[in-house]
Structures are given as structure tokens and as C-alpha cells.
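Here is a short briefing to read with the model open beside you.

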Amino acid sequence: MQHDQVRQVDPEIADALEAETERQRDTLTLIASENHVSEAVMDAQSSTLTNKYAEGYPGQRYYGGCEQADVVEQLAIDRAKELWGAEHVNVQPHSGSQANMAVYIAALEPGDRILSLDLTHGGHLSHGHHANFVGDHFEVQHYECDDETGYVDYEGLREQAEQFEPDMIVSGYSAYPREVEWERIQAAADAVDALHLADIAHITGLVAAGEHASPVGIADFVTGSTHKTIRAGRGGMVMCGEEWAEAVDKAVIPGMQGGPLMHNIAGKAVGFEEALTPEFEEYAARVVTNAEAMAERLQERGLELVSGGTDTHLVLADLRPSHPDTTGKDVEEALEETGIVLNANTVPGETRSPFNPSGIRVGTPAITTRGFTADDCRTVADCIADVVDAPEDEAVLAAVSETVDELTDSHPLYE
């Protein structure tokens, strides 16, 4: 991709943009929260809508000249309703975290109680970590996954809810490889008269395609990112029933945001349109199949996986049983040298620092977008296992780099 207009004004930025395109072409993106959007989505996001202030909502703007902004946002809303079956959708949050913030503002008071999954067990910062705004404004307790099985401890969650009496229970996770049992979490919320927020940031696309059970119609609120498995414009969204629609909309504006990023909303609308096709359903199914193939091969190579496998787009490996002296950061850095980009990740029962944890998280959305098959994913898993076994062996790293080059050449990106 050329950036001729940028180059005329700012050659340094043009160099960085072109280098980033080359980096994505020449590496394997295995970060579970990343994907490669279509050129149509990128075209929408670089449109003249970046110039337009459109505070408010379709038909109710604070500024004039919003006719086309109204068209774009309403299309994004209507398509989201069709994809997820929601009664009400707000597509304005700038990120998944801000979508969560909107729900907290709409439904809670400062000091209210939140029960959410611990970050080291697969939760998210915006679910109540002490370093995040949620931890500052609310009283938070965390439930956990079972250290032995790697699955959410649903019975323990319910018992903890009955003791803690939270005002809201948060489900949906950022490093959890198994299908979430929304009804069991809703039952725990009902037992203590708590609200239920389901954050599907990672699995928006899988839910839309029917590859993962949906919390829409079960939980009071469903939030998500729009750029991960759904592969649309970057940002977030909130879904809820009509009884919460006004409160959520007021929480977004004027509660926490001013003008929406209309160019990003255009990217969301285009990505949602793509997701309404049969081709997207096939893509989502391949994402899961590829993750299963990756998981099986990593296990064959001796790595221990949290929960013993995956139902989703990601695999979480605990390095401690097979490689007790190797950290996730060791593997992340060694793999990046070869052109494989993933992230070190905490695991249930973590004994190391979150900055140098014991696990690695591997995701298949981006390589599936490039057309990778299950066989390709088994090859990638072998590359990962080779580096885990010998992260400082230059001959191993060179051989893996050569395999990565072959894979990227056979599955080109943004040609």
C-alpha cells in the first residue's frame, strides 16, 4: 500500500505506515485480539466522515449537516441488530473498554459492587482491575477458573455472589478458550438480584456466525469490540433491551464521549455488512477449526493447554509443566524474531509477574483471514513448539523463519 499524499507532507510517517504494512504481510499475526480488515473497511475508515462532528444520535444531532452521518450510523445499528438479534444497539463507543464504561455509568452508582473474573484467569482490565477506572470507582471482587480444569468455576461463582451480593456480575473474557455458559452466570445473577454484563469483545464474530452461544436475550447488557473476530471498523458497541436503551445512550453521550468517530462507525457498518454474508459464517467456522487444529498439534508436541483445548478462536498454553524455566515473554520475544507475533499471557494459578507470565496466548482470526487451513495451522503449531523447546537456538530460529516466509508467500496479504 502506498501513502503518496502522506509522503508529500510527512515522509517519516509514510515510512512507518508502509513499514507496518510490510510487517503485517511478512509476519503471522497470532494475537487473538487482532485481525486483518478488508480494504473496503479501511477505505470507509479513511473517508471524509473523519471531518464531521455528529454529537447526538441519528435524527437528534447537536450540529447541522449530519444527513449522511445519520445514514451511516443507522445502517451500522440496523446491521448490528440483525447480526446479534439485539433490541437496542449503540455503536458509538470508541473501544470495548468504553462500551463497558457506558454500561457502568448507565446501571451503577460509584461504590456499587462488581463481581468479575480475575485478570490472571482470563478477565479484562475494564472488568475491575485495581489499576483501571473500574477498580477506582467500584468495589470489586473476582471469581476464578478452576486451577485443575481451566474452566470457569460456576459453582464457586454462585457461592461467591451469594456472599458478596454484587450489584453486577461481569462475564465474557479476554483469555478464556472455552464456550461461556451464559445461563449459569445469569442464574447466579438472578439469585442475588444482580445485573449481568456479558462482554463478548473477543467473540463478537463467533457469536454473530453461530459458532459460540449468544448472551443476547440472556444478559442485561452485552458489550463488544468491533475489530476482533467480527473484523469491522475499530471500536466498541453496547447491546441491551429497550428498558435500558435511554440510560445507555445517555451514558455514552453526554456521559462519557462527545462527537462519535463517524469514520470508524462507517468502518463498523461496512464490516457488519460483510459479516451478514454466508462467506463470513464459513470464515468464523474456519477460525474455530484452525484453533482446534493448533491446539491438538501443540498438545502432541508436549505443551499443556489451559482447559485441555479450545472451543473458540484462541489457545492458551501453560509452559510451566513442560518448560518450567521458560517464561511466556521468553517465547514471545524469540518467536517475534522468526516472524510469529503472539503474546505472553497469565494463566490460572499464575506464579510469575503479569509482565513476564507463564503462558502464551495464540489466536487464529488473522491467519484465517489470510486463508490458512487446518494443515497450515498445524505447521504453525510445530514452529511454535520448536521455539518453545529451544528459544535461544539460532539454527531453530532460522528454520522457523524460513517456514514463516513460505507461509506468508503462499497466503499474501493486501496485494
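In this predicted model, helices α7 and α8 are roughly parallel to each other, because their axes cross at roughly 15 degrees and angles under 35 degrees count as roughly parallel.

**The α7–α8 pair**

- Helix α7 covers residues 154–164 and helix α8 covers residues 182–191, and their axes come within 9 Å.
- The crossing of α7 past α8 is right-handed.
- On the α7 side, the contact is made by Tyr154, Glu155, Leu157, Arg158, Ala161 and Glu162.
- Helix α8 answers with Arg184, Ile185, Ala187, Ala188 and Ala191.
- Sorted by class, this contact has seven nonpolar and four charged residues, with no polar ones.

**The largest cavity**

- The volume of the largest cavity is about 80 Å³.
- It is lined by 13 residues, and those closest to its centre are Gly172, Tyr173, Tyr176, Val180 and Ile203.
- The lining of the largest cavity divides into six nonpolar, five polar and two charged residues.

**The second largest cavity**

- For the second largest cavity, the volume is about 30 Å³.
- Its lining includes Val91, Gln92, Pro93 and His94, along with Arg234 and Gly235.
- Leu261, Asn264, Ile265 and Lys268 also line the second largest cavity.
- By class, that lining has four nonpolar, four polar and two charged residues.

Notes:
Residues are numbered from 1 along each chain as its sequence is written. This is a predicted model: local features need pLDDT of at least 70, side-chain atom pairs count only at pLDDT 80 or more; totals for chains, interfaces and linings use all residues. Side-chain values use heavy atoms; hydrogens and water are left out. Axes are lines fitted to C-alpha atoms, for helices over the stretch in contact, and angles run from 0 to 180 degrees between N-to-C directions. Helices (H or I, at least four residues) and strands (E, at least two) are DSSP runs, numbered from the N terminus. Angles under 35 degrees count as roughly parallel, over 145 as roughly antiparallel, 65 to 115 as roughly perpendicular and the rest as oblique. A crossing is left-handed if the near helix is turned anticlockwise from the far one by less than a right angle, and right-handed if clockwise. Contact means heavy atoms within 4.5 Å. Ala, Val, Leu, Ile, Met, Phe, Trp, Tyr, Cys and Pro count as nonpolar, Asp, Glu, Lys and Arg as charged, and the others, Gly among them, as polar. On a 1 Å grid over the protein atoms alone, a cavity is a set of points where a 1.4 Å probe fits but cannot get out, and a pocket is an open set with protein on both sides within 12 Å along at least five of seven lines; lining residues have an atom within 4 Å of a point. Grid points are joined across faces, edges and corners, and a volume is the space filled by probe spheres set on the points.
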